[in-house]
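Please read the numbered remarks alongside the sequence and the coordinates.

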Amino acid sequence: MGSDMTLDEKYMKQALKQAERAFDHGEVPIGCVIVENATGRIIGRGYNRRNSDKCTMSHAEITAIKKASKYIGDWRLEGCTIYITLEPCPMCAGAIVQARLDRCVYAAASDKSGCAGTLLNLLNVEAFNHQVATDKGILEEESQALIRKFFKRLRKNPDEDQPVSSFSSSVNASAAEP
Ligand SMILES: [Zn+2]
């Protein structure tokens, strides 16, 4: 287990780098990478661009799934692991199941929209044709710190990102999932 932890941390750091890109774009900092287990290669990256794209679907996970599928040349992402800095929302958890990812690792939980165990667990519904192994809490504090930093900045410069200002009264990670 020890070496697995190290590997998970290594990939979660890459997901955090993506979250920092979202931060730099004035977006709630959530990032994601998808790893091909057999090669250890990162085959998809994504960060939250909901406001930049003005698109509900521009969550980090959806972008990364699109990129990984393009790389593999198949919508099926069996044999792959997705690393996300925040617990996935219902849309993204659904996409993770639909893409048949083997495993989902996330950093911080979301008690506003988390569907990988907090509010619901869409990743492990027996009635579905696919279940996704889940691990949480990897680099949780780093992820939460970045989200807190984002909302702190937002309160100082409320014009910077109007669409998420409704979240700004609450700075915990759970408020951040777009
Ligand atoms: Zn989502």
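1. In this predicted model, V35 has I42 of β2 as its bridge partner. Strand β1, residues 31-36, is joined to β2 by six bridges, and the two run antiparallel.

2. The open sheet comprises five strands with mixed pairing, ordered β2-β1-β3-β4-β5. On average, and with direction ignored, neighbouring strands are turned by 15° against each other.

3. Helix α5, spanning residues 140-156, packs on this sheet and touches β3 (80-86) and β4 (103-108). The direction of α5 makes about 55° with that of β4.

4. Within helix α4 (residues 90-98), the buried residues are C92, A93, A95, I96 and V97. Their cover includes α3 (60-72), β3 and β4. Just after α4, R100 adopts a positive phi of about 60°.

5. The axes of α3 and α4 lie 9 Å apart, and the helices pack at an angle of about 25°. Since angles under 35 degrees count as roughly parallel, α3 is therefore roughly parallel to α4. Their crossing is left-handed.

6. On the α3 side, the contact is made by E61, I62 and I65; on the α4 side, by C92, A95 and I96. By class, the residues of this contact comprise five nonpolar, no polar and one charged. C92, A95 and I96 also belong to the buried residues of α4.

Conventions: Residues are numbered from 1 along each chain as its sequence is written. This is a predicted model: local features need pLDDT of at least 70, side-chain atom pairs count only at pLDDT 80 or more; totals for chains, interfaces and linings use all residues. Two strands pair if DSSP finds at least two bridges between them. Helices (H or I, at least four residues) and strands (E, at least two) are DSSP runs, numbered from the N terminus. Axes are lines fitted to C-alpha atoms, for helices over the stretch in contact, and angles run from 0 to 180 degrees between N-to-C directions. Two residues are in contact if their C-beta atoms, placed from the backbone, lie within 7 Å. A residue is buried if 20 or more other C-beta atoms lie within 10 Å of its own, exposed if 12 or fewer, and partly exposed in between; C-beta atoms are placed from the backbone. Angles under 35 degrees count as roughly parallel, over 145 as roughly antiparallel, 65 to 115 as roughly perpendicular and the rest as oblique. A crossing is left-handed if the near helix is turned anticlockwise from the far one by less than a right angle, and right-handed if clockwise. Ala, Val, Leu, Ile, Met, Phe, Trp, Tyr, Cys and Pro count as nonpolar, Asp, Glu, Lys and Arg as charged, and the others, Gly among them, as polar.
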